[in-house]
Every structure is written in C-alpha cells, then in structure tokens.
Amino acid sequence: MELEGAAPLWGVHEYFVKCAQQKPAALAVVDNKRAWTYRQLHSFSTNLAHDLRKQKAGPHATCVAVVGVLLDRDVSLPGALLAVLMSGGCFVPLDPVYGQRRLQLMISKGINLLLTCKQHEQLAK
C-alpha cells in the first residue's frame, strides 16, 4: 500500500549510497584515530558486502544470514553494519564489554556469520 505524496521507503543502506554519491568527499565517520569520507566508507562497506555475499549472507542464500558484529566503536563499525545490510543480511551488534560467556551464548543462538577483528577473536570462541 502506497500513501499519496509519501516519500519512497528506503533502507538506511540505500539512503547512505545516495549520500555517498552526492557528497563523496564529505566526512562520513570520525573516531579518535581516523576520519573517513563518504567515498572511503562506501568503498569499505561495498567491498565487505561483496565478501559477505560470498559467505552466503545475501539474498541469494537459502536464508537471510544473521551476522554478529563484534567490533570496537571506530570508523569500521558503521561500515560493517552497512555492509551487512547491503548484502541482504541482518546484524546483531555484539559489544566486546559483554564478556566471553555472554557473547558465546548470543553467538550460539542463531548467528550464522561473525564479523570481528583479531583483537576480539578469543571472545567469540
């Protein structure tokens, strides 16, 4: 059902792509160490989305992947979340401060893929 005069419904990842096309050199995300433009964030998230599709996270998989995202809060985190959405999957944010026991329980309850970094690999085991 469409409402007359209503704006089109877009996913956040689709809105992001439109912003990246309109202002690629503008700052998109900043952390304590780095700053990425929309172009850099778009490149990172697109490449990661491609890799996730290879791992069956996308819409051509037999089911939508539930991707656990266990990363620090830096410029790569929004890129990872966008990548999951771009690949057709859905994400469960996992905070490293939860502790290994809680993270293992959450991961065992239906997460198909896990995005993490070397620093947090042990928490996920």
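On a 1 Å grid over the protein atoms alone, a pocket is an open set of points where a 1.4 Å probe fits, with protein on both sides within 12 Å along at least five of seven lines, and its lining residues have an atom within 4 Å of a point. The structure examined here is a predicted model, in which local features need pLDDT of at least 70 and side-chain atom pairs count only at pLDDT 80 or more, whereas totals for chains, interfaces and linings use all residues. Residues are numbered from 1 along each chain as its sequence is written, and side-chain values use heavy atoms, with hydrogens and water left out.

The largest pocket is lined by Val69, Leu71, Asp72, Arg73, Leu77, Leu81, Pro93, Leu94, Asp95, Pro96 and Tyr98. Helix H3 (76-87) and strand S4 (90-94) are the elements that give two or more residues to this lining; helices (H or I, at least four residues) and strands (E, at least two) are DSSP runs numbered from the N terminus. The pocket holds about 170 Å³ of space, a volume being the space filled by probe spheres set on the grid points, which are joined across faces, edges and corners.

The helices may now be considered in pairs. Two packed helices are described by the angle between their axes and the distance between the axes. The axes of helix H1 (residues 12-22) and helix H2 (residues 38-54) come within 9 Å and cross at roughly 135°; axes are lines fitted to C-alpha atoms, for helices over the stretch in contact, and angles run from 0 to 180 degrees between N-to-C directions. H1 is therefore oblique to H2, since angles under 35 degrees count as roughly parallel, over 145 as roughly antiparallel, 65 to 115 as roughly perpendicular and the rest as oblique. In H1, Phe16, Val17, Cys19 and Ala20 meet Tyr38, Leu41, His42 and Ser45 of H2, where contact means heavy atoms within 4.5 Å.

Which residues of H1 meet H3? They are Val12, His13, Phe16 and Val17, and their partners in H3 are Leu82, Leu85 and Met86. The axes of H1 and H3 lie 9 Å apart at an angle of about 110°, so H1 is roughly perpendicular to H3.

H2 also packs against H3, at an angle of about 45° and with the axes 8 Å apart. H2 is thus oblique to H3. On the H2 side, the residues in contact include Leu41, His42, Phe44 and Ser45, and on the H3 side they include Leu82, Ala83, Val84 and Met86.
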